[in-house]
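Have a look at the model first.

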Amino acid sequence: MLKVNVFVLVGFLVYFFYMFINFKKFSLSYHMILFTFLVYTFVLIGITLFPIPIQPQAIEMLREIHITNNYIPFKSIIGNIVEATHWIVWFKMIIGNVLLFMPLGFYLPLIVKKHMNARKVIIIGFCVSLCIEVMQMFISLLINCRYKAFDVDDLLLNTAGTVLGFIIFKLLYYVLHDCLKWDISRYIEFKKS
């Protein structure tokens, strides 16, 4: 199985090189935000795309399972709730997909800063989720075996998670900035030259 470790190492090296070149351009807190976002991104990629089966035995085992794609909205969600023998099965599928993308909605206004609204968050969350689903299909084509299923319900749940993360950010921003009068913008803005 191809694991995520090599990609994480390369990603961190690229980030540290970028940080070394641009260190004085951003505040230390902004670098921390970027670093934790990078960690989140690798966790997201690791969970959604890896491990990739490359051994012939693993590929043959996956072919016997007959993983199927779902292109009908809410089919997997309703099917998992109705057919699940235990609540943990559908809870993991539904809540797991939502929780997995909540940090994306939280990080977007911190990283992009200007003009980030709910519409843009929905579009970005949907596009990131779609990219992951398409990558899963592409990897399945490369190894000639469906190792993860394309599921339109994942797109819906992941997008909902992104929006929920954005709502939580907005609520926290309101509490910290407007109610407690804490100037959060000084922690996420560019340094002044």
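This is a predicted model: local features need pLDDT of at least 70, side-chain atom pairs count only at pLDDT 80 or more; totals for chains, interfaces and linings use all residues.

Of the 193 residues, 37% count as buried.

As for the fold, the chain has eight helices and zero strands, so reading from the N terminus you get α-α-α-α-α-α-α-α. If you take the contacts with a separation of 6 or more, 78% of them link residues 24 or more positions apart.

| Helix | Residues | Length | End-to-end C-alpha distance | Expected span |
|---|---|---|---|---|
| H2 | 28-49 | 22 residues | 31 Å | 32 Å |

For H2, the reach is close to the expected value.

Now for what these helices hide. In H2, the buried residues include Tyr 30, Ile 33, Leu 34, Leu 38, Phe 42 and Leu 49. Gly 46 and Thr 48 are also buried there. In H6, the buried set includes Val 121, Gly 125, Ser 129, Ile 132, Gln 136, Ile 139 and Ile 143. Residues three or four places apart on an α-helix point the same way, because there are 3.6 residues a turn.

What happens at the ends of H6? Asn 117 caps the N-terminal end, with a side-chain oxygen 3.2 Å from the backbone nitrogen of Arg 119. After the helix comes Asn 144, which has a positive phi, near 60°.

How values were computed. Residues are numbered from 1 along each chain as its sequence is written. Side-chain values use heavy atoms; hydrogens and water are left out. Buried means under 20% relative accessible area, exposed over 50%, partly exposed in between (1.4 Å probe, protein chains only). Helices (H or I, at least four residues) and strands (E, at least two) are DSSP runs, numbered from the N terminus. A polar contact is a pair of N or O atoms within 3.5 Å; within protein, one must be able to donate a hydrogen and the other to accept it, and residues adjacent in sequence count only if both atoms are side-chain atoms. The expected span of a helix is 1.5 Å times one less than its number of residues. Contact means heavy atoms within 4.5 Å.
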